[in-house]
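Hi everyone, thanks for making time. Let me put the sequence and the structure up before I say anything about them.

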Amino acid sequence: MKLDKMTDGKQPDSSQLKADTQAALVATHPCFSKEGHQYARIHLPVAPACNIQCNYCNRKFDCSNETRPGVVSKLLSPAMAARRFVKVKQHVPETKVVGIAGPGDPLANPKATIASLKAIAAADPDVHLCISTNGLALIEHLDKLLEVGVKHLTITINCIDAEIGKNIYPWVYFNQQRLRGRAAAQALIDQQLLGLEAAINAGMLVKVNTVLIPGINDHHIESLAIELGRYGAFIHNIMPLISDPAHGTYFGLMGQREPSSEMLGAAREKAGQSMQQMTHCQQCRADAVGKLGQDIDINSLENVEPALPPHIRVAVASKSNLLVDQHFGYATEFQHYLITENSIQAEANFSWQQYCGGDEQCNDDKANRDLNQLAHFDLLLCSRIGLAPRQELEDLGLQVDTHYALRDISDALRQIQQQMQSEQSNQHHLLVANAANAGCGGKECS
Amino acid sequence: MALSITQACIGCFACKEVCPKNAVTVAEQGFMIVEHRCDECRSNTNGPQCGQICPVETAITDNQGRALNPPGSLSGIPQKSHVIAMTK
């Protein structure tokens, strides 16, 4: 821990963020300010994987009439997430905040999270982007988050004492291994505090969530809040544990009790000595939409008036520059076209580091090649493509199409445009992203 | 030599995120490990990465069908076999 670097009682962030910019950041955010409730937020469920286990979470459970964090009905690919945002924004113009909160940990799914945030920022530069993380991988990804414009961050820190943490986190996946017991809690706490410090120094507005667990961390809340104050966290949100046995969580099954409202009030009062407290949290799901406490049923919007993509960005892998005749793995550049309802426009070729080395035996060092760079395309045309890159691209929201193999590029583009026009009139999406859906975050509850 | 994913899988993508061989794929039937890519992380002293991060017991097995994370190893929830019946 780097506490000695901090000066006592000082809030280092106040010098970093000008007061008025900070006020503007806070005022329109329903999760950072009570007054923000007139604005709406949307949580995009693009991040299913998690790198830790908490005893109050059961990832197996997903029932549509349940509302609690960590739970989600259906996963979205980044492209679908951007489309959902555009659609919701049309219906609920007060939507000012886009958050990624799981259902796992956003930073355990860095590719999907960053790709989604980028896509949202491109669709609406004014929207606030935020993520809610357990903090384990925050340091590693902080630069990327800043780069895409994330200014609001929530870190869930339940304790800063590993003796307490070992009763909250049965395991933590860190440095390529599953840690357990005290070592797990210590690794998590160390990373959380490093991340907290770095994020505050970078000028982010950081909210800290703490789950109040009677008999486990309730006696520790005051000292936790003092430390958070020293670090310069912006606001502290103490939430009551939810431990309904029906949810199948460890705490639920083991009979861990929930805090009474008096207990919660007392904890907030004590912590309030050193940290500004947030008291209006609704503990939303990872796919919540709308104003706090007035959630919108996304399915009712889905059928009303689908947002139509105004254009499609197409990447074409071609050897001959005439036909769609190159295997994705051997392409060193892609032709780049922008198709709208009325035009097909050629843009500068996109150069690319060849995906496959062409070794006799395909060894998978290419797994590291960053397909994210292609994420701004909507559609990829090539003659053939391997299963792994196809899937990864589809996860990024790219539709991959090999049906036009060995056909004329201009014919293919025209056909896509026609399809777009007819779909446009049918009020349907042209691109049906399908990959991320297959990973069922939405199993029926049993 | 390859690991497998069983029906216990909840489809959370965690193994796919950490597999160094990109061997985990999503098929129509669910998550699968592409056999010829998986080397069970032989060179990693921490062992198979999918097994290290998977949050569900019995979801990943070795080629003998043995679970990398057997029942009771992750959740800490007592198994029935460990419960001693009370005498009346």
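Predicted model: local features only at pLDDT ≥ 70, side-chain atom pairs only at ≥ 80, totals over all residues.

Residues are numbered from 1 along each chain as its sequence is written, chains are lettered from A and ligands numbered from 1 in the order in which they are written, and side-chain values use heavy atoms, with hydrogens and water left out.

So, the interface. Chain A brings 35 residues to the contact and chain B brings 34 residues, with contact meaning heavy atoms within 4.5 Å. About 2700 Å² is buried between chain A and chain B, and carbon and sulfur atoms give 52% of that; buried area is the accessible area (1.4 Å probe) that two parts lose on being put together, summed over both.

In chain A, five strands form an open sheet with mixed pairing, in the order 14-13-12-15-16. Strands here are DSSP E runs of at least two residues, numbered from the N terminus, and two of them pair if DSSP finds at least two bridges between them. Strand 14 (344–351) and strand 16 (399–401) of chain A are the edges, each pairing on one side only. Strand 13 (residues 333–339) of chain A runs antiparallel to strand 14 of chain A, over six bridges. There, A:Leu338 has A:Gln345 in strand 14 of chain A as its bridge partner.

Note on methods: Helix = DSSP H or I, 4+ residues; strand = E, 2+ residues; numbered from the N terminus.
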